[in-house]
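Subject: Handover of a structure and notes on its contents

Dear colleague,

Please find the structure below, together with its sequence. My notes on it follow directly after.

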Amino acid sequence: MKPGDKPEGGKVSIGAELIIPIGGLLFAIYYLSSIWNIRWEAQVNGFFHSAVLLTLVVLFLIKTFGRVARGEADLRLGDKLGSKALLRGRLGLVVITAVFVVALPWLGFTLATFLFLVANLAFLGGRSPMQLAAVPLGLAAGGYVLFIVALNARFPHGVIEHLLAAIF
Amino acid sequence: MTIELLTDVLLTSASYWWLILLATTIGIIVGAVPGFGAHNTIIILLPFTLAVDIHIGLTFMVALYVATHMGGGIPAILLNIPGTGGAAATTLDGFPMAKNGQAQQALVCSFMASTIGGFVTAVIALFTLPYLARIAYSLHSVEMVIIMLFGITLIAVIAARDTLKGLIAGFLGLLIGAIGTDHIYSTPRGTFGFLELYDGVPIVPALIGLFAISEALVMLESETLLTEAGKVRMLKATWAETWEGVRMSMARLWHIVWTGMIGLFIGAIPGAGASIASFVAYQQSRMYSKTPEAYGKGIPEGVIAPESANNGVGSGSLIPLLVIGIPGGSTAAVMMVVLHYHGVPLGQRLFIEDPGLAYGVFTTMIVSYVIMLFTILPLTRYLSRVTLISTMFLVPAIVCFTLVGAFAPRAYLFDMGLAMAFGILGFIARKTGFHVVGILIGVILGPLIEQYFLRALRISDGDVSVFFTSPIGNVLWALLFASLVAPTVLGRFRRTGTA
């Protein structure tokens, strides 16, 4: 039993376990609505998968609410997804990553990677200048050599890539 | 095939050792980077393979192809992030072994299983080419649909502790895989209005999100990947652990061979692929084990079975390409383009006009496996040190480099956002017991199952009973049903036996 799974009263909090089935249910309904008025050849596969998924979700919901009715569980989220502090950390990581994705076309792969790594290391508790500079620099340089030089991947080029291309 | 021809092609392959060494090195690296599989690396390197002699080009492609199968297992074991879909099953026991401080042994088991499994299946393929190719003729759309549903069911039973949750994950994946325009009328379905999803959900961002991003979000919970005992063990690790891994593998030699054979047979079926083969091998390994309860907690057989099968697929998937001109997978399809460009005929004519080229594919595999074993085995001690790195450094590096991997195949920023969305889905799935492997395999098989499903229905004029008319199909249905009920029945049987 993970910490926090069993709050006062001895009940297990299983609300978090409903996120995927309910999400699946909503997605199946949306998918069915998107194929409702089209030719059967385009519908049939979606109908089959949606029908099976909806059946499985209904079975899961019956099982879950049965546990709740028997008093074994409640529908609170609990801390199955992590404590509030951890969730804040994860949210921070997601926000920094979103900024990285948006900034990548303007900054180019190497500079964006360097800045992303610096920001993340600082956010995750890195304090020494060595950690904050040398590690991101090494990784960004390694990424440049592997992806841009060796694999010639189609990553956005920015000031660093143009500069290095002009020099070499 | 005569002895003279066999000797000749084997010596020719061996004479290209320098090229094979280069290709396998690239293959292991790109196989270990999620998003850079064999087929897109061969696409990137098309100017080379198209420019050189076809024997050199094919040797390079085949060596690179087999090496990516081996490389995919490295991040699966060390970071719980499979480099390719075929290595997804390796995470089930590989990562627990790494967490327990047995990363070195797990890596050696993976390399030995890949090498021996790949070697043995390449030799078998060499001598049984025409017979194995018949598998592709016997399996039609109906059987393919059932095989894929069988794959999803197996994953539900194996990967998730709760079969119902596993099935929900699998069918959610299949429905996500059904996003995109249909094959006949190009009508968009379930795309949320995004043009980028009209071609379907790209597999690489799904793989990266479900495994890499979600794992990075989980990693934030601890300072290192290792358990306390695992850390102590890893800090004391020497070359002795490498040898222990070799001994572990050699003690399970027969296990490597028969799970590799599963990969070879499934690989010979066009479209089935390494993702299904590795799970079937894992399930079979667990089913016949005396200690099935140890699977998922870090057992060498749990690494050996999927890795051997994964490499068996490498040999199997090239058989339909060479014998009947149907590519067995995406990499084989890219190879077919190169062969067509060079004017190489496929099918019977290839074996009459240039048998050296046809059989050379398998002798190149044999030489590649020998070279890879000697180059990568000494590196396991150093590779395993990745598990000692603090998550403070690992998390940003994983997120950054895998996200750019999501961008690479199509060059859409949208795919990076998609990987993030899959990452959040994967994180919730991991935390609530809906295994991410089921979702991923569903996404991979979604478009394929639709093709076969539709083909079967069109042939039968929309009559769904067609799925119950084939003898092979009915046997597969029975196996599918058995795989659903077997764990419960066997569990009760064992409990009765021990009571």
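A:Glu17 and B:Lys165 are both buried. Their side chains meet in a salt bridge, with 3.0 Å from N to O. A:Glu17 belongs to the loop between β1 (12-13) and α1 (19-34) of chain A, while B:Lys165 sits in helix α10 (residues 163-177) of chain B, so this pair joins two chains. Please bear in mind throughout that the model is a predicted one.

**Other salt bridges**

Over all chains, the search of the whole structure finds 12 salt bridges. One of them links B:Arg410 to B:Asp415, at 2.8 Å from N to O. B:Arg410 is partly exposed because its relative accessibility is 21%, where the limit for a buried residue is under 20%. B:Asp415, with a relative accessible area of 1%, is buried.

Within chain A, A:Asp74 forms a salt bridge with A:Arg76, and the closest N and O atoms are 3.4 Å apart. Here too the two partners can be described separately: A:Asp74 is buried at a relative accessible area of 12%, and A:Arg76 is partly exposed at 45%.

**Aromatic pairs**

The structure holds 16 aromatic pairs over all chains. A pair of aromatic rings is described by the distance of the centres and the angle of the planes. In the pair of A:Phe155 and B:Phe407, the centres are 5.9 Å apart and the planes stand at 40°, which makes the pair tilted. A:Phe155 lies in the loop between α5 (129-150) and α6 (159-167) of chain A, and B:Phe407 in helix α22 (residues 391-407) of chain B, so this pair also joins two chains. Both A:Phe155 and B:Phe407 are buried.

A second pair, B:Trp258 with B:Tyr288, is edge-to-face, at 6.4 Å centre to centre and 85° between the planes. B:Trp258 is part of helix α14 (residues 253-267) of chain B, and B:Tyr288 is in the loop between α15 (273-287) and α16 (300-316) of chain B, so the pair ties together parts that are 30 residues apart in sequence. B:Tyr288 is exposed, its relative accessible area being 59%.

Ring pairs also link A:Phe27, A:Tyr30, A:Tyr31 and B:Phe192 into a cluster.

**Backbone angles**

Most residues other than glycine have a negative phi. B:Phe192, a member of the ring cluster, has a positive phi of about 55° although it is not a glycine. B:Phe192 is located in the loop between β2 (188-189) and α11 (203-219) of chain B, and is partly exposed at a relative accessible area of 47%.

B:Asn80, likewise not a glycine, has a positive phi of about 65°. This residue is placed in the loop between α6 (73-79) and α7 (91-99) of chain B. B:Asn80 counts as buried, with 10% relative accessibility.

Helix α1 (residues 3-15) of chain B has 13 residues and spans 18 Å from its first C-alpha to its last, close to the 18 Å expected at 1.5 Å a residue. Which residues of α1(B) are buried? They are B:Leu5, B:Leu6, B:Val9 and B:Ser13. Seen down the axis of α1(B), these buried residues fall within an arc of 100°, so they line one face of the helix. The face turned away from that buried side carries the exposed residues B:Ile3, B:Glu4 and B:Leu11.

Helix α23 (residues 413-432) of chain B has 20 residues and reaches 29 Å from first C-alpha to last, close to the expected 28 Å. This helix is mostly covered, as 14 of its 20 residues are buried. B:Gly433 follows α23(B) and has a positive phi, near 85°.

**A nonpolar surface patch**

On the surface, B:Trp239, B:Trp243, B:Leu379 and B:Tyr382 form a nonpolar patch with about 480 Å² of accessible area together. B:Trp239 lies in helix α13 (residues 239-250) of chain B. B:Trp239 is partly exposed, at a relative accessible area of 35%, and a residue must have over 30% to be counted in such a patch.

With kind regards

Notes:
Residues are numbered from 1 along each chain as its sequence is written. Chains are lettered from A and ligands numbered from 1 in the order in which they are written. This is a predicted model: local features need pLDDT of at least 70, side-chain atom pairs count only at pLDDT 80 or more; totals for chains, interfaces and linings use all residues. Side-chain values use heavy atoms; hydrogens and water are left out. Patches are made of residues with over 30% relative accessible area and no salt bridge: like charges are joined within 9 Å, nonpolar side chains (Val, Leu, Ile, Met, Phe, Trp, Tyr) within 5 Å. Accessible areas come from the Shrake-Rupley method with a 1.4 Å probe; for residues, only the protein chains shown count as cover. A salt bridge is a side-chain nitrogen of Lys or Arg within 4 Å of a carboxyl oxygen of Asp or Glu. Helices (H or I, at least four residues) and strands (E, at least two) are DSSP runs, numbered from the N terminus. Buried means under 20% relative accessible area, exposed over 50%, partly exposed in between (1.4 Å probe, protein chains only). The expected span of a helix is 1.5 Å times one less than its number of residues. The arc is that of the directions from the helix axis to the C-beta atoms. Rings of Phe, Tyr and Trp (its six-membered ring) pair if their centres lie within 6.5 Å; planes under 30 degrees apart count as stacked, over 60 as edge-to-face and the rest as tilted.
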